[in-house]
Amino acid sequence: IRTLRAEPFMHKTTAKMSSTATVTRAHLENKLALAKRCSREATLAGAKAAAVATVASAVPTLASVRMLPWAKANLNPTGQALIVCTVAGMAYFVAADKAILSLARRHSYESAPDHLKDTSFHGGAAAAARPRPPAFFRP
């Protein structure tokens, strides 16, 4: 006996691909090459940001240990290295993530259909068919 609660989980969901939706080996290799290039670009962007952040955080950290009595008493070499490495690591991951997201956005826009690429408010024939908003919505 089937209950209403268990019934939705008993259905099998199968998806059929149409004959036009075949994926060729060349297409998959192209996607793989694109992903490798994007990850390499993101890695280089992250490394550049980490190098800049290392210098930008090491100079004031080391200078403050030499000049400020509190820093001289409380920041041993391990603490100084921890400050510099944390800043460098954060800069690496932020820059790499930003690069990956921007590249993914660019590539998804390039492969999008033409009707989705028109993001303008007053774009093409669709704007002529769109009704004007009532007067109380207009600025």
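**Helices and confidence in a predicted model**

Over residues 77-96 the chain is 100% helix and 0% strand, with the end C-alpha atoms 28 Å apart. The model is predicted, and its chain has an average pLDDT of 80. Residues 77-96 are listed under "transmembrane region" in an unreviewed UniProt entry, as are residues 45-65.

**Spans from the UniProt entry**
- The span of residues 45-65 is 100% helix and 0% strand.
- Between the end C-alpha atoms of residues 45-65 the distance is 30 Å.

**Packing of α1 and α3**
- Helix α1 covers residues 25-67 and helix α3 covers residues 77-110.
- The two helices, α1 and α3, pack at an angle of about 150°, and their axes are 7 Å apart.
- Because angles over 145 degrees count as roughly antiparallel, α1 is roughly antiparallel to α3.
- The crossing of α1 past α3 is right-handed.
- Sorted by class, the residues in the contact of α1 with α3 are 22 nonpolar, seven polar and two charged.

**Confidence along the chain**
- A pLDDT of at least 70 is reached by 68% of the residues.
- Among the elements of the chain, helix α2 (residues 69-74) has the highest mean pLDDT, at 94.
- The lowest mean pLDDT among these elements, 55, belongs to helix α5 (residues 124-129).

Key: Residues numbered from 1 in each chain as written. Predicted model: local features only at pLDDT ≥ 70, side-chain atom pairs only at ≥ 80, totals over all residues. Heavy atoms only, no water. Axes fitted to C-alpha atoms, helices over the stretch in contact; angles between N-to-C directions. Helix = DSSP H or I, 4+ residues; strand = E, 2+ residues; numbered from the N terminus. Parallel < 35°, antiparallel > 145°, perpendicular 65-115°, else oblique. Left-handed = near helix turned anticlockwise from the far one by under 90°. Nonpolar A, V, L, I, M, F, W, Y, C, P; charged D, E, K, R; others polar. UniProt positions renumbered as here; feature names shortened; annotations may be inferred. pLDDT = per-residue confidence, 0-100.
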